[in-house]
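Subject: Handing over the model

Hi there,

Here is the structure I promised to pass on.

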Amino acid sequence: MNQKESAQRLAALHIKGRPLVLYNAWDAGSAKAIAAAGSPAIATSSWAVAAAQGYDDGESIPLPFVEQIIGRIVAAVEVPVTVDVEGGYSNDPRACAQNVARLVDLGVAGINFEDRVVAGSGLHAIEAQCARIAAIRAMASARGIPVFINARTDLFFGSGIEAGDAIAEAPKRATAYAQAGASGFFVPGLTDLRAIRELCSAIALPLNVMTMPGLPDARALADAGVSRISHGPAGYRLAMGALSAAAQG
């Protein structure tokens, strides 16, 4: 399938109550292994991609290096590829869209795009993040590719925001991000099943959660209305743990 079809396929895999489960890759080899296991799509983890090359997370790995890795992943598999672009390597909407375009031009079908201020603290204001999402959407539309923009909010993931305030703000961000052109809403760090269920009911975008201690099982998440479950860096950590154990004899 061509890139447009790949992006459409990725979007179609997001079904409320029948979540797409993604084991995140970090290079072409891990992507091929995940695809061979039957995964209908490949997602990357920025943390794992950086760690596999000796970098810290947080846009420390140079973007040209990321391009090389993503290019190899796209070439290695025949399923849609969605890439964790962190904050797009810029706070400026235009520069951010230009950076993401470099990955779109490699054939990716989707991206994860976060509202955390990568080189600072806290989260981007809703209006500022919407401007960046809108710029990315305009860039993708100009190329004729319906890129799946999975808008990530770090409200529940190290933002320092009180849980009650985060739960109240999440629907506001989801609605605004959808209006700006987002395709999905990613809430790493949110593990409370009741809050997940209420958020699924309150927003139009498909909801994505990330596996971590305290997260309910897949059946409960499906019943709550979740559309996507990501494993983040767990696969990389598992692989490195197995390698380390084997090396110790």
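First, the ground rules. This is a predicted model, so local features need pLDDT of at least 70 and side-chain atom pairs count only at pLDDT 80 or more, while totals for chains, interfaces and linings use all residues. Residues are numbered from 1 along each chain as its sequence is written, and side-chain values use heavy atoms, with hydrogens and water left out.

The pocket

The largest pocket holds about 380 Å³ of space. For the method: on a 1 Å grid over the protein atoms alone, a pocket is an open set of points with protein on both sides within 12 Å along at least five of seven lines, a cavity is a set of points where a 1.4 Å probe fits but cannot get out, and lining residues have an atom within 4 Å of a point. Grid points are joined across faces, edges and corners, and a volume is the space filled by probe spheres set on the points.

In the largest pocket, 22 residues form the lining, and Trp 47, Arg 152, Phe 157, Met 210 and Pro 233 lie nearest the centre. Two or more lining residues come from each of helix 3 (46-52), strand 4 (110-114) and helix 10 (234-247). Helices (H or I, at least four residues) and strands (E, at least two) are DSSP runs, numbered from the N terminus. By class, this lining has seven nonpolar, nine polar and six charged residues; Ala, Val, Leu, Ile, Met, Phe, Trp, Tyr, Cys and Pro count as nonpolar, Asp, Glu, Lys and Arg as charged, and the others, Gly among them, as polar.

The cavities

How many cavities of 30 Å³ or more does a search of the whole structure find? There are two.

The largest cavity has a volume of about 90 Å³. Its lining has 13 residues, with Ser 46, Val 66, Asp 84, Glu 86 and Tyr 89 nearest the centre. Helix 3, helix 4 and strand 3 (81-84) each give two or more residues to this lining, and helix 4 gives the most, with three. Nine of the lining residues are nonpolar, two are polar and two are charged.

The second largest cavity has a volume of about 30 Å³. Around it sit Leu 63, Val 85, Gly 88, Tyr 89, Asn 99, Val 100 and Leu 103. Helix 5 (residues 93-104) gives the most to this lining, with three residues.

Helix 4 and helix 5 pack at an angle of about 25°, with their axes 9 Å apart. Axes are lines fitted to C-alpha atoms, for helices over the stretch in contact, and angles run from 0 to 180 degrees between N-to-C directions. That angle makes helix 4 roughly parallel to helix 5 (the term covers angles under 35 degrees). Their crossing is right-handed, meaning that the near helix is turned clockwise from the far one by less than a right angle. Leu 63, Pro 64, Val 66, Glu 67 and Ile 70 of helix 4 meet Asn 99, Arg 102 and Leu 103 of helix 5, where contact means heavy atoms within 4.5 Å. Five of these contact residues are nonpolar, one is polar and two are charged.

Helix 4 (residues 63-76) also packs with helix 2 (residues 28-36), at an angle of about 30° and with axes 8 Å apart. Helix 2 is therefore roughly parallel to helix 4. From helix 2 come Ala 28, Ala 31 and Lys 32, and from helix 4 come Arg 72, Ile 73 and Ala 76.

Further along, helix 6 (residues 126-142) and helix 7 (residues 163-180) pack at about 30°, with their axes 8 Å apart. This pair, too, crosses in a right-handed sense. The residues that meet include Cys 130 and Ile 133 in helix 6 and Ala 176 and Tyr 177 in helix 7. The contact has seven nonpolar, one polar and four charged residues.

Best wishes

Notes. Angles under 35 degrees count as roughly parallel, over 145 as roughly antiparallel, 65 to 115 as roughly perpendicular and the rest as oblique.
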